[in-house]
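Dear colleague,

Please find below the structure I wished to hand over to you. My findings follow directly after it.

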Amino acid sequence: MRSPRRCSRNGCPRQAVATLTYVYNESTAVVGPLAAFAEPHTYDLCEPHARSLTAPRGWEVVRHEGEFEPPPPTTDDLVALAEAVREAARPAPRPPQDDQNHSAPPAASPTSRRGHLRVIPPTH
C-alpha cells in the first residue's frame with residue numbers, strides 16, 4: 001500500500017498538500033496544489049511550509065491562493081489496504097499430519113521458516 005506523501009522539508013512529519021516547482025530560466029518558484037505524481041525535480045510541502053516559503057533575492061514566488069487540501073484516497077489505495085487486511089487475517093497453513101503416528105511430535109529441522117523469516121538454531 002502506498003503511504004501518503006510527506007512534506008519534503010527535513011524533519012517535517014506532516015502530509016504534503018502542495019507541490020513546489022522551480023522555474024530556473026524565469027527565476028520563479030511556483031507553489032501549487034499537490035501534483036498527481038511525485039516528480040524528481042519538484043518538492044512536496046505541507047500547508048505551513050507551502051504558505052511560508054520564501055525565494056532567494058531576485059526570485060518571484062507564485063503561490064496558489066486557494067485552500068490546500070490533501071488528496072482523497074484513490075481506489076488503488078483502498079484496494080491495496082483491503083488486500084493487506086485480507087492477507088494479515090488469513091490463517092497460516094497447517095502442516096499435514098502423518099495418520100500413522102499421532103503421538104510423536106514432528107522431527108525438528110535444522111532450520112525452519114516462518115513467513116519471510118528463517119530461524120537458525122544456535123550452535124553449541
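**Findings**

The protein contains two helices and six strands, in a model that is predicted. Read from the N terminus, these elements follow the order β-β-β-α-β-α-β-β.

The chain has 124 residues, of which 17% count as buried. Among contacts with a separation of 6 or more, 53% are between residues 24 or more positions apart.

A search of the whole structure returned two salt bridges. One of them joins Asp44 to Arg5, with 2.8 Å between the closest N and O atoms. This pair links distant parts of the chain, since Asp44 belongs to strand E3 (residues 42–45) and Arg5 to the segment before E1, 39 residues apart. Asp44 is buried, at 8% relative accessible area, whereas Arg5 is partly exposed at 22%.

Ser8 also lies in the segment before strand E1 (18–23). Beyond its neighbours within four places in sequence, Ser8 is in contact with Tyr43 and Asp44. Ser8 counts as partly exposed, with 38% relative accessibility.

The other salt bridge pairs Glu47 with Arg51, the closest N and O atoms being 3.5 Å apart. Both residues are in helix H1 (residues 47–52); because they are four residues apart there, about one helical turn separates them. Glu47 is partly exposed at 29% relative accessibility, and Arg51 is likewise partly exposed, at 33%.

With kind regards

Methods. Residues are numbered from 1 along each chain as its sequence is written. This is a predicted model: local features need pLDDT of at least 70, side-chain atom pairs count only at pLDDT 80 or more; totals for chains, interfaces and linings use all residues. Side-chain values use heavy atoms; hydrogens and water are left out. Buried means under 20% relative accessible area, exposed over 50%, partly exposed in between (1.4 Å probe, protein chains only). Contact means heavy atoms within 4.5 Å. A salt bridge is a side-chain nitrogen of Lys or Arg within 4 Å of a carboxyl oxygen of Asp or Glu.
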